[in-house]
Amino acid sequence: MNKSSARTVAVVGATGAVGAEILSILEERNFPVDRVLPLASSRSAGDTVTFRGADVTVRALDGKAFRGVDLALFSAGAGVSKEYAPVAAGAGAVVIDNSSAWRMDPQVPLIVPEVNLRAMEAHRGIIANPNCSTIQLVVALNPLHVRAGITRIVVSTYQSVSGTGKDAMDELATQCRQLLNFEDVTPAVYPHQIAFNCLPHIDDFASSGATGEETKIVNETRRILGAASLGVSATAVRVPVFVGHAESVNIETDKKLSAADARAILSTAPGVRLYDDPSRALYPLPLRVAGTDAVFVGRIREDDSIDKGLNLWVVADNLRKGAALNAVQIAEALVR
Ligand code: A2P
């Protein structure tokens, strides 16, 4: 695809939390688009979304929707992607898919532009965007891995409800309002009350006891870093935050890295912003990071319990770098 061929861009899931962010990032970064085609379920057909100040009518997704489409950005869940990404690619579009449907398919590159952009060259019509928690993790860790060889990662996530979608954001807002008015709450999106709570349960549990989210973080991190046998241990937790995922990360390295070494490496790393001055209470916070593009890293310190270990606190906007922005960066690389 070249610049002139990126004219018609379909956004599948345009009415959702990530879809809305894709539209605004395409606009913000002046991506070369002549026509955007917002697609969603039949429930939203006829509604409008705004692009460059104009109302654009949402169409229902169907097998014919991709005629004349050059680029299709999917964010409507794995089931939709499984069914329609091949249809879009078959119609001649390049698909950038935000769902988990294709991420571990060896024919489909799984791309974080700051880390493994070159792997994109092998695409056959579908390119996968990684899981939100994985993206911010590998942006922060790849520079350390390149320098010192990470041998093990232990990560605990604190993930915002926007990662689940717009219904979950509504659920958190509704529950907060109800609880502050001494009303009962009825969980619907999550299995338990999310307001004023933390749920160690993201995606389904497997027989191993791990959740789907935890398995995605393990497998996708290995794949993107090109380290199939890297030890990765993940615990994924949903917290009552609207936007912004945080991660407590512990790494062991092959070569010793001091905290100062890590700070020096990360201070010039692509896509990373160091925000690390605990003496002034400066460390990344989801509230501050929401709406921004970088992966913020702070609380960098040596882990005295092991020989060559570091702790870090990594925070990013899950809707932007964790999803929409990463997808648009891939699209930008395609048209470059
Ligand atoms: P709709 O708004 O019509 O339901 P979120 O992740 O924020 O929940 O958003 C999910 C997005 O995926 C929405 O745009 C939603 O459209 C869209 N979507 C969900 N199911 C389908 C489907 N079967 N076909 C097309 N789009 C879908």
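Modeller: Helix α1 covers residues 17-28, and its 12 residues reach 17 Å from the first C-alpha to the last. That is close to the 16 Å expected at 1.5 Å a residue, where the expected span is 1.5 Å times one less than the number of residues. Helices (H or I, at least four residues) and strands (E, at least two) are DSSP runs, numbered from the N terminus. This is a predicted model, in which local features need pLDDT of at least 70 and side-chain atom pairs count only at pLDDT 80 or more, while totals for chains, interfaces and linings use all residues. Residues are numbered from 1 along each chain as its sequence is written, and side-chain values use heavy atoms, with hydrogens and water left out.

The buried residues of α1 are Ala17, Val18, Gly19, Glu21, Ile22, Leu23, Ile25 and Leu26; buried means under 20% relative accessible area with a 1.4 Å probe, counting protein chains only. These residues pack against β1, β2, β3, β6, α5 and α9, a contact being heavy atoms within 4.5 Å. Just after α1, Asn30 takes a positive phi of about 55°.

One of those partners, α9 (residues 320-335), leads on to α4: the axes of the two come within 8 Å and cross at roughly 85°. Axes are lines fitted to C-alpha atoms, for helices over the stretch in contact, with angles from 0 to 180 degrees between N-to-C directions. That makes α4 roughly perpendicular to α9, the word used for 65 to 115 degrees. Here Cys132, Ile135 and Val139 of α4 meet Lys321, Gly322, Ala323 and Asn326 of α9.

Helix α4 (residues 132-148) also lies across β9, β11, β12, β13 and β14, running at about 25° to β11. The open sheet has six strands in the order β10-β9-β11-β14-β13-β12, with mixed pairing; strands pair if DSSP finds at least two bridges between them. Because β10 (231-238) and β12 (272-274) stand at the edges with a single partner strand each, one side of each has no neighbour in the sheet. For β12 and β13 the pairing is parallel over three bridges, and Leu274 stands opposite Val297 in β13.

Finally, strand β11 holds His245, which is buried with a relative accessible area of 0%. Leaving aside residues up to four places away in sequence, His245 touches Cys132, Ser133 and Gln136, among others.

Note on methods. Angles under 35 degrees count as roughly parallel, over 145 as roughly antiparallel, 65 to 115 as roughly perpendicular and the rest as oblique. Buried means under 20% relative accessible area, exposed over 50%, partly exposed in between (1.4 Å probe, protein chains only).
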